[in-house]
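Welcome! Here is a short briefing to read alongside the structure, going topic by topic.

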Amino acid sequence: MTSAIELAAAVRRGDTTATSLAEGALAAIAAGDGAINAFLHVDAEGALAAARRVDAAVANGEDPGPLAGVPVALKDNLCTRGVPTTAASRILEGWRPPYTATVVDRLVGAGAIPVGKTNLDEFAMGSSTENSAYGPTRNPRNHARVPGGSSGGSAAAVAAGMVAIGLGSDTGGSIRQPAALCGVVGFKPTYGMVSRYGLIAFASSLDQIGPLARTVADAAVCLEVIAGHDPRDSTSLREPAPSLLDALHDGVKGKTIGLVRELVDGSAPDVEAAVAASAVTLRDAGATVIEMSIPEMRLGLSAYYLIAPAEASSNLARYDGVRYGLRVDADDLTTMNVATRTKGFGDEVKRRIMLGTYALSAGYYDAYYGRAQRVRTLLSRAFAVAYGRADLLLGATAPTTAFELGAKTTDPMAMYLSDVFTIPSNLSGDPAMTVPFGSGADGLPVGVQLLGPARSERLVVAAAQVLEDAAPS
Amino acid sequence: MTIREGYEMVVGLEVHTELKTATKLFCGCPNVFGEAPNTNVCPVCLGLPGSLPVLNRGAVELAMAIGAALGCAIRPSSFHRKNYFYPDMPKDYQISQYDEPINVGGALELPDGSRVGIERAHLEEDTGKTTHVGASGRIHGAERSLVDYNRAGVPLVEIVSDPDITSAAQARAYAAELRSILVATGASDGRMEEGSMRVDANVSVRELGDATLGTRCEIKNLNSLRSLQRAVDHEAERQSELVASGGRVVQETRHWDEGAGKTVTMRSKEEAYDYRYFPEPDLLPLAPDDAWRDRVTAGLPALPAARRATLLGLLGDPTASQRDQVLSVVELGLDTMVTSAVSAGVEATLALARVANEVAAIEGTAIEGAERLDVAGVVTVLEMEQAGELSATQAKAVLADLAEHGGDPRELAARRGFEQLDAGSLDATIDELIVAFPDEWTRYQQGDDKLAQFFVGQVMKQTKGQADGKAVIAGLARRR
């Protein structure tokens, strides 16, 4: 399969057209998505119109940008003007935003062709894309397995070759875990590196948008395009996008990489073996690999499941039936609010709203939300100490390869544990990337995870490139 | 209607004022009043999924100006979310300041010399406006409700007083003084009728001499100074009568019914919301640096108390009615006219009287956006009156012309035929009249002072009102 960088180069050279790439992506979706259900909405008309604009630019001798003609998929929690945006929830069925997310504007500005909106766990709450109100997405490598989640639609679309790049959002691992389970690259940047304007919020202090792609280089070019300060997002870093492509081949020679026990413990033996093999690869490339323990990481999951639901309970209050989306009519306001939310939200969303509401309630705030925030601070300090010893950290992305549909739907805790290795980076706000590295006993892909301190994206992609170059097929 | 004897009231006020910024607190929508419903809205102030707030620098500056004017400490602060469901609140939470407000401490000295402490003055966003269509005009029993989000996201500062107020009149004086300060700083237009300044009163009563506070009730919907005073008075009476008859005040929110002249229960403590405050993750902490703070403080205009002192100083030994005039002139923001006129040589008493009466009357009836009297024009009229070029009556007429048409007061006076009568021509007129009315002159000479008015009338007739009555009487007296 051709990479996004190669496709863009071909379009810029005039060897192919954006229109033919868009048509190809649309055909691949038409042929393959019936079985996978990666897309909630395919915008053929919009894609072809965007492609014609790119082709016209090339014809005029203009450069459409580094993603010229590259078909991309957008997680359906990213607002797209006039195009249905549901967050995979009934409560937003039929809603067409009057504005477009900053990241989508930037992708289009770089010549990319958004072909559609991809499936997710409702409001990005889940780890298998089974919590979608519009049916689960299936793993392209094995249709009986989940693609992971919550960005399962984007991961599956990229893995199936329908698009070269997908955008996801990562609140507790929602880019990295599905990327690992589908065998693609997934990159969660430093918090604030990418604007959240137009991302339907799940947990604002943790949410971060990032790319899913088939190669490290494609993820890097996509991040270069979407990163950089946005005045519409107050939490966006006041600095330009990092330059990443020129760091891809920096290698890891002389770097110290910490293999973190807490990022491996509890994972399946085949996953553990893949991580060990990746450590050898990095050592062979000139890095010093040291074994480390960061015990505070064990507290991450508990803190996360208080902070994220607390923020979510507030972020999701606006879906009250008054202004947009679903409304279940009733005789009075409160009954209408309750009926709308009862019908519009799925079980997992309701569970987290209740958890979060409880955690913020008078008399419980200090014991739950307050304590979780202190744990978060503790964890950030532990990361800082670790980065005093190592340039990067290494571990597993997910404890297992892709599990079967339905395997964890009745046991929320088992599902939550799928994110145990990814959550710490969200709590600290630091960048982390998953790279496919071999397969498990079931023949399904395994991802290994590289973690770095804030703004260390250049280091992370360099190490990821080393792993990609050496990855067993 | 007043508090029962043997009891005292303890009152604290929460004043919400809309800030006069060009745009809303977290988005670029215009901050204007009276537009067609739902026209000044965008994804941010409508709270659409995915939208994010960006703090308005101008609003922060006005909030700091208010804090500086009230003597508050301007502190590093942060925003919280106040969560509760209400249809006129687009996100179903309000972004407000909670445990770290921008302004802390401070005090307001009232014209009578009393002092009311200020606990805090913090920034927050306004809600939209719900109109309940149906018989009652209230949410219960409404046929339907319409929401206008134009006001959603308009910047507010909430100013919370200490419970230092001990009478309804003092509550009113506090609100009036605060309004003058808000107008003076340019932070607000202080219009209570339009809701740009809104007052809630926390009222409790206790037996005189009791050190502990009684249970308080919060009264909402006080949209004029008069309502505030009446409501506080009524509520103190209600509570004191209740306590005196062995009852207990229940902590609750009460609604002031202006028509019925009483407060009624709105919601009890049991129905009170748990707002689940937590730090707003979409905004960074707000920590104005020293330079910014100093610039705002240095840029503060003279405040009402200082301006009153200036006028009183000009008067020397003011009468009670002049003190009232000073109060109202400063409250109306007309005091620069007085000080400018005095600088130009006009007597302070004359300048104050004209500004407090004629000018204030004109300004009071001016419609929104109409041309106000300009200081230079008013000063010229007062100078002319001081110099005897215009009589009091003429001066008032010229001020009215000035308000209506504008222009040069001397030309306006000339157009009305108020040419200055020189002393020689006035003397000639008086001499002619003495000859023309010998009987009346004789009676005047014999001591009938009433005849002076007869001659003044004749002079006015001859001169078409251009003469100064006092000058005529002086002329007559000299010839007696």
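## Helices crossing in chain B

Helix α1 (residues 57-69) of chain B and helix α2 (residues 168-185) of chain B pack with their axes 10 Å apart, at an angle of about 130°. This makes α1(B) oblique to α2(B), because angles under 35 degrees count as roughly parallel, over 145 as roughly antiparallel, 65 to 115 as roughly perpendicular and the rest as oblique. Axes here are lines fitted to C-alpha atoms, for helices over the stretch in contact, with angles running from 0 to 180 degrees between N-to-C directions.

A word on the source: this is a predicted model, in which local features need pLDDT of at least 70 and side-chain atom pairs count only at pLDDT 80 or more, while totals for chains, interfaces and linings use all residues. Residues are numbered from 1 along each chain as its sequence is written, and chains are lettered from A and ligands numbered from 1 in the order in which they are written.

- α1(B) and α2(B) cross in a right-handed way (the near helix is turned clockwise from the far one by less than a right angle).
- B:A65, B:I66 and B:A69 of α1(B) meet B:I181, B:L182 and B:T185 of α2(B); contact means C-beta atoms, placed from the backbone, within 7 Å.
- By class, this contact of α1(B) with α2(B) has five nonpolar, one polar and no charged residues (Ala, Val, Leu, Ile, Met, Phe, Trp, Tyr, Cys and Pro count as nonpolar, Asp, Glu, Lys and Arg as charged, and the others, Gly among them, as polar).

**Another helix pair**
- Helix α14 (residues 450-463) and helix α15 (residues 469-479) of chain B have axes that come within 10 Å and cross at roughly 125°.
- That angle makes α14(B) oblique to α15(B), and the crossing is right-handed.
- The residues in contact include B:F455 of α14(B) and B:L476 of α15(B).

**A covered strand in chain A**
- Strand β11 (residues 445-451) of chain A has seven of its seven residues buried (20 or more other C-beta atoms within 10 Å of a residue's own).
- β10 (residues 432-439) of chain A runs antiparallel to β11(A), joined by six bridges; strands pair if DSSP finds at least two bridges between them.
- Within this pair, A:V435 stands opposite A:V448.
- β9 (residues 392-396) of chain A also pairs with β11(A) in the antiparallel sense, over four bridges.

**Where the chains meet**
- The contact takes 33 residues from chain A and 25 residues from chain B.

Key:
Buried ≥ 20, exposed ≤ 12 C-beta atoms within 10 Å, placed from the backbone. Helix = DSSP H or I, 4+ residues; strand = E, 2+ residues; numbered from the N terminus. Contact = placed C-beta atoms within 7 Å.
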